[in-house]
Amino acid sequence: MSEHIGAASDTLTIEGLSGGYDRFDVIHDIAFRVGAGEAVALLGPNGAGKTTVLRAIMGLLPRRRGRIEIEGSDIAGLPTRRIARGLVGLVPEGRRLFTGQSVEDNLRLGGMHVRRDTARTQELLQSVFDLFPVVERYRAREATALSGGEQQMVAIGRMMMSDPALMLLDEPSLGLAPLAIQDLTKALQRLRGQNRSILLVEQRVDMALEVCDRVYVLSEGRIVDEGRAADIGAEGRALIDAYLG
Ligand SMILES: Nc1ncnc2c1ncn2[C@@H]1O[C@H](COP(=O)(O)OP(=O)(O)OP(=O)(O)O)[C@@H](O)[C@H]1O
Ligand SMILES: [Mg+2]
């Protein structure tokens, strides 16, 4: 796969990012970028440090060093509540929808910081419903009563409601049936088609290559390979599969 690919305007730039939870670093000197309107995949096996990288971006990692920039501004010192307000949106591993709340309430809770702007809230709700008709159809139902695939779409919609510059998705395909993964892939392709900046963490290489422009491979807390999705032939696939075990 090719060397570093540069571009003028980046939504996310990470340089020299290291960090961890206790005394030991679990991510080491990480550097990568997501261009404006680009969908980028971060692939890696269990325990590689994918979620840890996302936690670092959200300001949730107890210990970290390095630069994290959103649209050219360093966010490494900002509190999570500030980062979540329109800078970065996260669809967490396992979705974590609010139980006992309707689909629509879940969506509105994602847009708390714009709630007083009812016109903007309506606009954001409409953009979610346009992308996921099933979410609109079930807007009054209890969110956690939906199927896994439907819940994932609600979780993505809730993230969209925060109107973020960068969208992070942590293994959205996890635990879904093959048909639901197909629907999710199509939905993510539509999201990508709207020129959103997306960082998709996945273990499903096939899905990531269908959705993303570029991929990075994370192994044992280090970026070990990168390339354009369109350039990754059978040889590149075999290499990625080898890293993913
Ligand atoms: N809260 C925590 N406290 C201490 N160590 C942690 C914590 N969370 C993760 N780790 C460790 O950090 C390393 C990276 O974990 P991380 O969750 O980032 O991996 P991952 O690539 O997201 O894996 P998976 O695909 O299983 O979700 C692992 O060794 C893990 O045990
Ligand atoms: Mg993870």
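Helices here are DSSP runs of H or I with at least four residues, strands are DSSP runs of E with at least two, and both are numbered from the N terminus.

**Entry 1: ground rules.** I am looking at a predicted model, where local features need pLDDT of at least 70, side-chain atom pairs count only at pLDDT 80 or more, and totals for chains, interfaces and linings use all residues. Residues are numbered from 1 along each chain as its sequence is written, while chains are lettered from A and ligands numbered from 1 in the order in which they are written.

**Entry 2: Leu179.** I found Leu179 in helix α7, which covers residues 178-193. Buried or exposed, I wondered about Leu179? Leu179 is exposed, because its count is 9 other C-beta atoms within 10 Å. (The cut-offs: buried means 20 or more other C-beta atoms within 10 Å of the residue's own, exposed means 12 or fewer, partly exposed is in between, and C-beta atoms are placed from the backbone.) I also checked Leu179 against Leu125: they sit 54 residues apart in sequence and 26 Å apart in space, C-alpha to C-alpha.

**Entry 3: helix α1.** Next I went to α1, residues 50-57. Eight of the eight residues of α1 are buried, so this helix is largely enclosed by the rest of the structure. Among the buried ones I noted Val53, Leu54 and Ile57, but also Lys50 and Arg55. After α1 comes Gly59, with a positive phi near 75 degrees.

**Entry 4: ligand 1.** Which helix gives the most to the shell around ligand 1? That is α1, with three residues. There are 13 residues around the ligand, and Tyr21, Asn46, Lys50, Thr51 and Thr52 come nearest (a residue is near a molecule if its C-beta atom, placed from the backbone, lies within 6 Å of it). I sorted the shell by class and got three nonpolar, seven polar and three charged residues. For that sorting, Ala, Val, Leu, Ile, Met, Phe, Trp, Tyr, Cys and Pro count as nonpolar, Asp, Glu, Lys and Arg as charged, and the others, Gly among them, as polar.

**Entry 5: the whole chain.** I looked up nine helices and 10 strands in the chain. Of its 245 residues, 42% count as buried. The C-alpha atoms fill a box of roughly 45 × 40 × 35 Å, taken along the principal axes. I then looked at contacts between residues at least 6 apart in sequence, and 69% of them join residues at least 24 apart (contact means C-beta atoms, placed from the backbone, within 7 Å).

Terms used
Contact = placed C-beta atoms within 7 Å.
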